[in-house]
Amino acid sequence: MMAGVVTLSLACALYQTADMGVPYLWCSLLMDSLCALAAFLLGGFIGVGTLVCAVGLGSFITFFSEKVARRFIPVSEKT
């Protein structure tokens, strides 16, 4: 499961590095947590995978964006 989360994070980082206007970590954490909460309140099953993705995906994507993706995709500094 963790390998899948890490691989998905790297792919998202490469995709989004071209133009990230807001800090992805906080957007991802907020949206994933709200979606998990909504699913729980509507009677959905919240498993370990849901929690790992809700909490960890944004952190991994931010890490890969800063450390890996920017080496492959040049990003111009915004003024």
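Before I start, one definition: a residue is buried under 20% relative accessible area, exposed over 50%, and partly exposed in between. I also note that this is a predicted model.

**Entry: confidence**

The chain averages a pLDDT of 75, and 73% of the residues score at least 70. Confidence is lowest in helix α1 (residues 2-16), with a mean of 70. It is highest in helix α3 (residues 48-72), where the mean is 80.

**Entry: overall layout**

I counted 3 helices and 0 strands in the chain, and the pattern along the sequence reads α-α-α. Of the 79 residues in the chain, 22% are buried. The chain exposes about 5600 Å², and carbon and sulfur atoms supply 72% of that area. I then looked at contacts between residues at least 6 apart in sequence: 85% of them join residues at least 24 apart.

**Entry: helix α3**

I looked for bends and found a kink of about 50 degrees in α3, centred on Ser65. Ser65 is also on the list of buried residues of α3. Others on that list include Ala54, Leu57, Ile61 and Ala69. The glycines Gly56 and Gly58 are there too.

**Entry: the aromatic pair**

How many aromatic pairs does a search of the whole structure find? I got 1. The pair is edge-to-face because the planes of the Phe63 and Phe64 rings are at 65 degrees, and the ring centres are 5.4 Å apart. The angle cut-off I needed here is over 60 degrees for edge-to-face.

Next I asked myself: is Phe64 buried or exposed? Phe64 has a relative accessible area of 11%, so it is buried. Phe63 has 43% relative accessibility, so it counts as partly exposed.

**Entry: Phe60**

I stayed in helix α3, where Phe60 also has its place. Phe60 counts as partly exposed because its relative accessibility is 27%. Which residues does Phe60 contact, leaving aside its neighbours within four places in sequence? I found Met2, Val5, Val6 and Ser9. I also looked at Leu25, which is 35 residues from Phe60 along the chain. The C-alpha atoms of Phe60 and Leu25 are separated by 8.5 Å.

Terms used: Residues are numbered from 1 along each chain as its sequence is written. This is a predicted model: local features need pLDDT of at least 70, side-chain atom pairs count only at pLDDT 80 or more; totals for chains, interfaces and linings use all residues. Side-chain values use heavy atoms; hydrogens and water are left out. pLDDT is the predictor's confidence in each residue, from 0 to 100. Helices (H or I, at least four residues) and strands (E, at least two) are DSSP runs, numbered from the N terminus. Rings of Phe, Tyr and Trp (its six-membered ring) pair if their centres lie within 6.5 Å; planes under 30 degrees apart count as stacked, over 60 as edge-to-face and the rest as tilted. Buried means under 20% relative accessible area, exposed over 50%, partly exposed in between (1.4 Å probe, protein chains only). Contact means heavy atoms within 4.5 Å. Accessible areas come from the Shrake-Rupley method with a 1.4 Å probe; for residues, only the protein chains shown count as cover. The bend at a residue is the angle between axes fitted to the seven residues ending there and the seven starting there.
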